[in-house]
Amino acid sequence: MKTLWQNCHVASMANGTYSIIEDAAIVTEGAHIAWIGPHAELPDQGDIKTVDLKGAWVTPGLIDCHTHTVFGGNRSGEFEQRLQGVSYAEIAAAGGGIASTVRATRAASEEELFASAKRRLQQLLKDGVTTVEIKSGYGLDLASERKMLRVARQLGEQLPVTVRNTCLAAHALPPEYKDRADDYIAHICSEMLPALAAENLVDAVDAFCEYLAFSTEQVEQVFITAGQLGLPVKLHAEQLSSLHGSSLAARYQALSADHLEFMTEEDAIAMAASGTVAVLLPGAFYFLRETQLPPMDALRKHGVKIAIATDLNPGTSPGLSLRLMLNMACTLFRMTPEEALAGATIHAAKALGMADTHGSLEAGKVADFVAWNIERPADLAYWLGGDLEKRVVRHGVESTF
């Protein structure tokens, strides 16, 4: 069935720019866009269902390409402790930090994890998100990683959102592998990844390359295994120090390298050559009160595509609004509103390997879009929070919240 969506202006985000179409019309057929352009050029559609968007600005559905939405427990108490002067190291030594989330996630049932993740994800959907990546990485054993990834699949089946699953088993060293990082990486490669991939629970593989996590040599073993399984890779890199993990990611044609505060121009050159997307996470930068800015000039100079995401997680970025991250990208990283919106649409789609079907409004692509009651596209990065009036369409069908 075809539907004509009219009386609107479109920021299609084709080619990473607003690519504005004034007085636009969009024809959807099933889950895809059949035609888009100026209303005056609309071909005769015959008898067709028509929707009046009442002068709205239409953008692609927002894409949150880096989240850890599924987890057990809550670390707001640690946030309070840090503000009272307790260091992260002291909290970790007392059993807090990621170890506390691992314990809570392992202890939670699949149903409990689904219920809590659903509440968080619904907040993102209300903000205009139609596609989200969800990482594992708080289980750190096969049963718990499987449980997290199963929950992520269920979220995509039961809510109006496209979910991409990423296995982040190489996120931290589990307690049972204390001082045996090489053994844990071997376990991931020989047991965990093959089993989870065989169960169709994994769309991509990620790792945390950092002095307090895993070395480039260890990460490379994970990448090699992912390649053998036919899975694309991503990487948490250069968040706290420069290990040139982003250059490693580029060598393996990674979809993205994420965080990147401490990356070098050499890394940017490597990423540009491989087409690896830079995913910046202003929520974590803000929450950790970081002062080292990502090298924006180098990323722009070498033409690296820049995506923006919430990094929704319990420890360093409890962010429930992708639009707020657009504002943070502008104010903290000096991005333009146009760059920020591209970072949550077309470049975010590329960071998930979905740019052929998602992220911009073009004929043939999936009909995921949001009709916003705003004055101009920059408003999406301008307003701080709040629930902007909108209509969300996913796969050609309007969602209700």
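Mentor: Two strands pair if DSSP finds at least two bridges between them. Strands (E, at least two residues) and helices (H or I, at least four) are DSSP runs, numbered from the N terminus. The model is predicted, so to speak of local features takes pLDDT of at least 70 and side-chain atom pairs count only at pLDDT 80 or more, while totals for chains, interfaces and linings use all residues. Residues are numbered from 1 along each chain as its sequence is written, and side-chain values use heavy atoms, leaving out hydrogens and water.

Now the sheet. It is open, with eight strands in the order E5-E6-E7-E8-E9-E10-E11-E12, and the pairing is parallel. Strand E5 (62–64) and strand E12 (306–308) form the edges; each has a single partner strand, so one side of each lacks a neighbour in the sheet. On average, neighbouring strands are turned by 25° against each other, direction ignored. Axes here are lines fitted to C-alpha atoms, for helices over the stretch in contact, and angles run from 0 to 180 degrees between N-to-C directions.

Look at one pair. Strand E6 (residues 129–135) joins strand E7 (residues 162–170) in the parallel sense, over five bridges. Isoleucine 134 stands opposite asparagine 165 in E7.

Helix H5 (residues 142–158) lies across E6 and E7. Its direction is about 170° to that of E7. Contact means heavy atoms within 4.5 Å.
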